[in-house]
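Subject: Structure handover

Hello,

Here is the structure I promised you. Please open it first, then read my notes beside it.

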Amino acid sequence: MFYVNTRAIVERDRDGKTEIIIQTRNKPNEPKQLELPGGRVEKFESLLTALRREIKEETGLDVIWIEGEDTRIDTDGINPNIVVECVRPFTAYQTIKGGIDSVGYYFICKAEGELLQEGDQTKNPRWVSVDELAERIQNDPLQFINIDCAAIMFYLKHRVNVLPKSIDREEPV
């Protein structure tokens with residue numbers, strides 16, 4: 001099987017510091033690792049529609065802004081038999097060894113509402129500071145699911161520039 005995913009880095013500013021949502025994965029027969037909200041795109045579902053749906057199902061929050069949403073175009077009205085969407089995500093991933101074969105797109109967004117205690121195959125969604133996130137990835141990167149571990153490192157390096165030096169590696173050539 002091959003999957004396409006849409007995933008969220010839900011940000012908020014609190015007391016002058018950036019926080020994001022992490023949650024505990026709660027799937028049967030899988031480790032209880034930390035993850036970012038998101039999941040599989042359904043057949044012919046828009047990436048942004050899937051992102052909003054997944055965040056609502058897993059956290060209870062409603063998305064109010066998605067970075068890059070203003071770049072979205074589609075071909076609706078050109079050919080009645082097919083519509084294609086293009087949008088600029090924050091970053092993309094592809095599994096290149098092991099695990100489940102998938103690609104996905106991370107979007108930075110803002111959301112509002114009350115966090116659920118338990119969502120769709122998730123529990124304990126919570127806000128953590130970027131500093132705590134950096135410390136967690138530094139001290140125990142395996143506490144995060146693999147795809148989110150890579151995305152968090154990318155986010156810390158390219159968005160907030162706080163990636164610890166021991167994680168900051170050059171890309172293979």
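In which loop is Asp101 found? Asp101 sits in the loop between S8 and S9. Keep in mind that this is a predicted model. Now look at what surrounds that residue. Leaving out residues up to four places away in sequence, Asp101 touches Met1, Phe2, Tyr3 and Thr95. Met1 is 100 residues from Asp101 in sequence. In space, their C-alpha atoms are 6.9 Å apart. Is Asp101 buried, exposed or partly exposed? Its relative accessible area is 39%. Buried means under 20% and exposed means over 50%, so Asp101 is partly exposed.

Next, helix H3. This helix covers residues 146-158, which makes 13 residues. From first C-alpha to last, H3 reaches 19 Å. That is close to the 18 Å expected at 1.5 Å a residue. Several H3 residues are buried: Ile147, Asp148, Cys149, Ala151, Ile152, Met153, Tyr155 and Leu156. Check the spacing in that list against a general rule. An α-helix has 3.6 residues a turn, so residues three or four places apart point the same way. What covers the buried residues of H3? The cover includes strands S1, S2 (17-25), S3 (34-35), S8 (91-94) and S9 (102-112), and helix H2 (130-139).

In soluble globular proteins, nonpolar side chains tend to be buried together. The largest nonpolar core here has 23 residues. Those with the most contacts inside this core are Ile9, Ile20, Ile22, Leu133, Phe144, Tyr155 and Leu156. S2, S9, H2 and H3 each supply at least two residues of the core. The largest share, 7 residues, comes from H3.

Setting aside neighbours within four places in sequence, Phe144 is in contact with Ile22, Gln33, Leu34, Leu133, Arg136, Ile137, Cys149 and Ile152.

Now the second largest pocket. How much space lies in this pocket? About 340 Å³. The pocket is lined by 16 residues, and the closest to its centre are Phe44, Glu45, Ser46, Leu47 and Glu85. By type, the lining divides into 10 nonpolar, 1 polar and 5 charged residues. S1 (3-14) and S7 (85-86) each supply at least two lining residues.

Stay with Phe44. Phe44 is in the loop between S4 (38-40) and H1 (47-59). At 80% relative accessibility, Phe44 is over the 50% cut-off, so Phe44 counts as exposed. Its backbone is worth a look too. Most residues other than glycine have a negative phi. Phe44 is not a glycine, yet has a positive phi of about 60°.

Asn124 also has a positive phi, near 55°. This residue lies in strand S11, residues 122-129. With 34% relative accessibility, Asn124 counts as partly exposed.

Ile82 is in the loop between S6 (73-74) and S7. At 46% relative accessibility, Ile82 counts as partly exposed. Ile82 and Phe44 are 38 residues apart along the chain. Their C-alpha atoms are separated by 10.0 Å.

Best wishes

Notes. Residues numbered from 1 in each chain as written. Predicted model: local features only at pLDDT ≥ 70, side-chain atom pairs only at ≥ 80, totals over all residues. Heavy atoms only, no water. 1 Å grid on protein atoms, 1.4 Å probe; cavity = no way out; pocket = protein on both sides within 12 Å on 5 of 7 lines; lining within 4 Å. Points joined across faces, edges and corners; volume = space filled by probe spheres on them. Helix = DSSP H or I, 4+ residues; strand = E, 2+ residues; numbered from the N terminus. Nonpolar A, V, L, I, M, F, W, Y, C, P; charged D, E, K, R; others polar. Expected span 1.5 Å × (residues − 1). Buried < 20%, exposed > 50% of the residue type's maximum accessible area, 1.4 Å probe, protein only. Contact = heavy atoms within 4.5 Å. Core = buried A, V, L, I, M, F, W, Y, C linked by side-chain atoms within 4.5 Å.
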